[in-house]
Amino acid sequence: MPTFGPFLDKNFNCNLKFILVLFSQENKMKYFVAIFSLLSTCVFAKTFTVMSYNVQNLFDSKHDVGKDDYTYLPLSLKSSSPEVQRQCNLIQNEYWRESCLKTDWSKQVVNEKISNLCKVIASTSPEIVFLQEVENKSILKKMFDSPACGKDYKYLSLLEGPDSRGIDVAVASKFPIVSEKLHKVDLEGIAKPTRGILEVKININGKSLTAFTNHWPSQANPSMARYKAAELLVERALGVNSDIVVAAGDFNTTSSDSPNGINLVVRPHTFDSELKARESGVRVFPGSHWYRGHWGSLDKMFVFTQASGKIIPDYKSFRILSADWMLRTRKWTDYDTGEVSFHEVPNSFSWKNRQGFSDHLPLVMKFSY
C-alpha cells in the first residue's frame, strides 16, 4: 500500500490538511498527482538556534569612568595607581578586597577568556546569542570579532545601563537587528540601580523576532526587586507587535522568592522552554547554575504566548549545554550536616590558570520559520 510517510517528515512545514486515500494499481496516476500536490504546497522549513549565556564578568582590562571595575584591571596598573588601591581597600569583605587587589586581569587573560567562551558558543553555532555580564560594547565587539566564535555575527546590541560594576546585557545576531531599546527597572526605595532589560527587534528573513535580554537583581536584593523587573518585562513584551517574542537570560529567581515575579507575573503570559521540554520527555540537565550543593535554573528562556505562528519554537530541542569539558569536579562540604560530596559543576573561568568558562551553563533552543 502506498504511504505518504516519507514526505511528511519534520523537515517540512506544511499547513495542508491532507486526506490519505488507498490507491489501487489502477489509480497510480491519482497517487502521483496527489504527491505532486502535496509537495507543491510544502516548503522546506528553515531553522535557527538561540542561545542564552551568562558569561560571568566579561570585562576588558581598562577602567570605565564611574564604574566599579577595579578588580578587572592589570596588576601592573593596580600596583602603580593609588586610586585603584584606595578603591579596592574600601571593600569591606576580605575575600573581595583581596581579589580586587591581587587579580591580574591582563590583556592576555581577557583574550583567553574570550577564546574559552567562544569555544562554548561555537559548539552549537547559534544564530542569535543573548548575553549577560558584558562590560561594554567594545568587549562585545572584540569577542565576536574573534574567529573562535565563528562567523557572521555582524549585528551587536549593548546599551549602557546603571549597574555600579558596569555589567550589562547584550545580543549578538547573524540576522539584522532593526531596533534596540533599554528599559530601566525602577527600584527606588527597594534596591540600588541595576541592569536594564534590553529589547531588540530582529529581522528573520522578513519575519520578526523581538528579544528581551534579562539579568534581574541578584538574590542579595529583596524579592520585590525581581518582581519589579518581571512587571516591566511583561508590560513591554505585551505591547510588542512581532511574529514571536522571546525573553531569556539570568532571572536570578528561586522558588523561595516572595512575591515571585516569574510565577505571578511572567508565567501567565509565556511558555517556559525548559518545562515544555521536560514535559515532552526530553532529558534536560539538572540546572544551569550550581550553588552550595544544589542545582538551580536561574537562567530561563520564555516564549510569550502572543505569536503569529510564522516562527515556531521547537521545545523538544531545548538543552542546557553541559559537555564534559564545560564541567569540573568540586568537593562540597554541607554547611549544616558536614557531609562531604563531589559534584560535576560549571567550570568557572580562573585568571590564574586561564582555564574555564563561566559559573553558568548556557541554554539553547531551535526555532523554525
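## Basis of the model

The structure is a predicted model, in which local features need pLDDT of at least 70 and side-chain atom pairs count only at pLDDT 80 or more, while totals for chains, interfaces and linings use all residues. Residues are numbered from 1 along each chain as its sequence is written, and side-chain values use heavy atoms, with hydrogens and water left out.

## Overall make-up

The protein has nine helices and 18 strands, where helices (H or I, at least four residues) and strands (E, at least two) are DSSP runs numbered from the N terminus. Of the 369 residues in the protein, 49% are buried; buried means under 20% relative accessible area, exposed means over 50%, and partly exposed is in between, with a 1.4 Å probe and protein chains only.

The protein exposes about 18,700 Å², of which carbon and sulfur atoms supply 52%, the areas coming from the Shrake-Rupley method with a 1.4 Å probe. Among the contacts in the protein with a separation of 6 or more, 70% are between residues 24 or more positions apart, a contact being heavy atoms within 4.5 Å.

## Packing of α5 and α6

Two packed helices are described by the angle between their axes and the distance between the axes. For helix α5 (residues 107–122) and helix α6 (residues 137–145), the angle is about 60° and the axes are 9 Å apart; axes are lines fitted to C-alpha atoms, for helices over the stretch in contact, and angles run from 0 to 180 degrees between N-to-C directions. The two helices are therefore oblique to each other, in a scheme where angles under 35 degrees count as roughly parallel, over 145 as roughly antiparallel, 65 to 115 as roughly perpendicular and the rest as oblique.

The crossing of α5 and α6 is right-handed, a term that applies if the near helix is turned clockwise from the far one by less than a right angle, with anticlockwise giving left-handed. On the α5 side, V110, N111, I114, L117, C118 and I121 take part, and they meet I139, K142, M143 and F144 in α6. By class, this contact has eight nonpolar residues, one polar and one charged, with Ala, Val, Leu, Ile, Met, Phe, Trp, Tyr, Cys and Pro counted as nonpolar, Asp, Glu, Lys and Arg as charged, and the others, Gly among them, as polar.

## Packing of α3 and α4

Helix α3 (residues 82–89) and helix α4 (residues 94–102) have axes that come within 8 Å and cross at roughly 165°, and the pair is therefore roughly antiparallel. The crossing of α3 past α4 is right-handed. Q85, C88 and N89 of α3 make the contact with R97, C100 and L101 of α4, and by class the residues involved are three nonpolar, two polar and one charged.

## Backbone features in loops

The loop between β10 (244–250) and α8 (261–266) holds P259, which is joined to S258 by a cis peptide bond with omega about 0°. N252 lies in the loop between β10 and α8 and has a positive phi of about 50° although it is not a glycine; at 9% relative accessibility, N252 counts as buried.

A positive phi is also found at D152, about 75°, although D152 is not a glycine. D152 lies in the loop between α6 and β5 (155–157) and, at 47% relative accessibility, counts as partly exposed.

N205, in the loop between β8 (197–204) and β9 (207–215), is partly exposed with a relative accessible area of 47%. Apart from residues up to four places away in sequence, N205 touches F175 and Y369; N205 and F175 are 30 residues apart in sequence and 7.8 Å apart in space, C-alpha to C-alpha.

P162 lies in the loop between β5 and β6 (168–173) and is partly exposed at 30% relative accessibility. Not counting residues up to four places away in sequence, P162 touches K67, K184, P193 and T194. S348, in the loop between β17 (340–346) and β18 (363–368), is partly exposed at 23% relative accessibility.
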